[in-house]
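Hello,

Here is the structure I promised you. Please open it next to this email and follow along.

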Amino acid sequence: MKPPAPLSPPHRVLMGPGPSDVDPRVLAALAQPTIGHLDPAFIVVMEQVRSMLQAVFGTANQLTIPMSGTGSAGMEAAMVNLVEPGDRVLVGVNGVFGGRLCAVAERAGGEVVQVQADWGRALDPDAFRVAAAGRAVKVVALVHAETSTGVLQDLRGFREVADDVGALLLVDAVTSLGGCAVDLDAHGVDAAYSGTQKCLSCPPGLAPLSVSARAVQALSTRRRPAVSWYLDLALIARYWLGTEESGGTARAYHHTAPINMIYGLHEALRLVLEEGLEARFARHRRISSAFAAGLQAMDLVLPVPAAERLPQLTLVAVPQGIDEARVRADLLAEHSLEIGGGLGAFAGRAWRIGLMGAGCTEGNARLCLSALRGAHARQGLALPDPLPAFVAALGG
Ligand SMILES: Cc1ncc(COP(=O)(O)O)c(C=O)c1O
């Protein structure tokens, strides 16, 4: 076969639900020379990634590592390691990813009890107590930042719920990590996972994961090994933390670590810490609330109440008579700008617009507001100018 022409992907502005724009420094890190996964120089990189992940997750958990695979690998790793066949698992469901947590828990053999809230609204901790109905529960699981609806879940109160029902607390932080405070230790979270392609602004391919000492203890008393060999944390810890028999000094091969992806994550985490966590979270809040002001000034409706809105992802209802997919195609063709369509209950009825990590800039927000107005005008709907409200909300 004659090989095709070399790759030449278009330059896009990525304002969908992820992947988000990648900083050029991260792309440069990916291109550094590949070395062996047991090379002493690589062990130094691993240790630095671990401590930077601890800082961003807000935890002292030793087992804080990037799993090989996308966010779903983190979800699956958390479930298959914590859940054994017959264990009861309470899962909060107010969007697509809560539903996916249920599917993964069921495949791990868990007896899933769903705790529902309306799509576009947050979960109520008390509903988990009611759902437990006095029976033993192994895991309470919920999504911190529901990417399908743009809801930020307040984690306060869930440790108490988990304690009341005797459970471990598992949190999906795929879209929250690096965009808003996750603070695992302050919230008493036992296991959390994320993805690299959202607010860490790295390409997709790794799932940062953190597991508390209490959950590690639970792993050590499992009746049988996790059903997945590839995602078995007991085995993977022997590579990332070193083997117990060597006192942590020798690393055991499990699978070949994706070396260059870990370089990319290393640089992405350096960027997060250089900016500072508080400054980064404040940037996401400031730009996204100005963006929301601009959308509302155009008379567009944001279905999620302001107090539950996720800064890094905004759900926007499609006005009556507007072709949702045509607007997205228009933005891509006219501005090389990607936004997301609705998922599940919001499919065809809403857009999901991301302001994540390196992509959360005044320039991107302004571009998207103007581009949306133009795309509506091309479908015959004249919307008011969003920019005065946007600029005013930015503070001048
Ligand atoms: C909240 C949430 N959980 C899990 C996932 C799955 O992650 P991935 O697509 O990286 O496997 C996503 C992806 O968008 C997500 O937004």
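In which loop is P19 found? P19 sits between strand 1 (13–14) and helix 1 (24–30). Helices (H or I, at least four residues) and strands (E, at least two) are DSSP runs, numbered from the N terminus.

Two notes on the source. Residues are numbered from 1 along each chain as its sequence is written. This is a predicted model: local features need pLDDT of at least 70, side-chain atom pairs count only at pLDDT 80 or more, and totals for chains, interfaces and linings use all residues.

Most residues other than glycine have a negative phi, and most peptide bonds are trans. The peptide bond from G18 to P19 is cis, with omega near 5°. S201 is not a glycine, yet its phi is positive, about 55°. Look for S201 in the loop between strand 9 and strand 10.

**Domains**

The protein has domain 1 (24–273) and domain 2 (277–394). These bounds come from an automatic or database domain assignment. The C-alpha centres of the two domains are 29 Å apart. Domain 1 puts 24 residues into the contact, and domain 2 puts in 23 residues. Contact between two residues means that their C-beta atoms, placed from the backbone, lie within 7 Å. On the side of domain 1 that touches domain 2, there are 12 nonpolar, 10 polar and two charged residues. Ala, Val, Leu, Ile, Met, Phe, Trp, Tyr, Cys and Pro count as nonpolar, Asp, Glu, Lys and Arg as charged, and the others, Gly among them, as polar.

Two strands pair if DSSP finds at least two bridges between them.

Strand 5 (residues 139–143) and strand 8 (residues 168–172) run parallel, joined by five bridges. L142 is opposite V171 in strand 8. Angles run from 0 to 180 degrees between N-to-C directions, and axes are lines fitted to C-alpha atoms, for helices over the stretch in contact.

**The three-stranded sheet**

Another open sheet has the order 11-14-13, with antiparallel pairing. Strand 11 pairs with strand 14 (residues 350–354) over five bridges. A317 has A350 in strand 14 as its bridge partner.

**Two packed helices**

Helix 5 (residues 125–132) packs on helix 6 (residues 158–165) at about 10°, and their axes are 9 Å apart. Helix 5 and helix 6 are therefore roughly parallel (angles under 35 degrees count as such). P125, F128, R129 and A132 of helix 5 meet F158, V161, D164 and V165 of helix 6. That contact has six nonpolar, no polar and two charged residues.

**Around the ligand**

Which residues come nearest the ligand? They are T70, G71, S72, T147 and V174, out of 14 residues around it. A residue is near if its C-beta atom, placed from the backbone, lies within 6 Å. Helix 3 (residues 71–82) gives the most to this shell, with three residues. The shell holds six nonpolar, seven polar and one charged.

Best wishes

Terms used. Angles under 35 degrees count as roughly parallel, over 145 as roughly antiparallel, 65 to 115 as roughly perpendicular and the rest as oblique.
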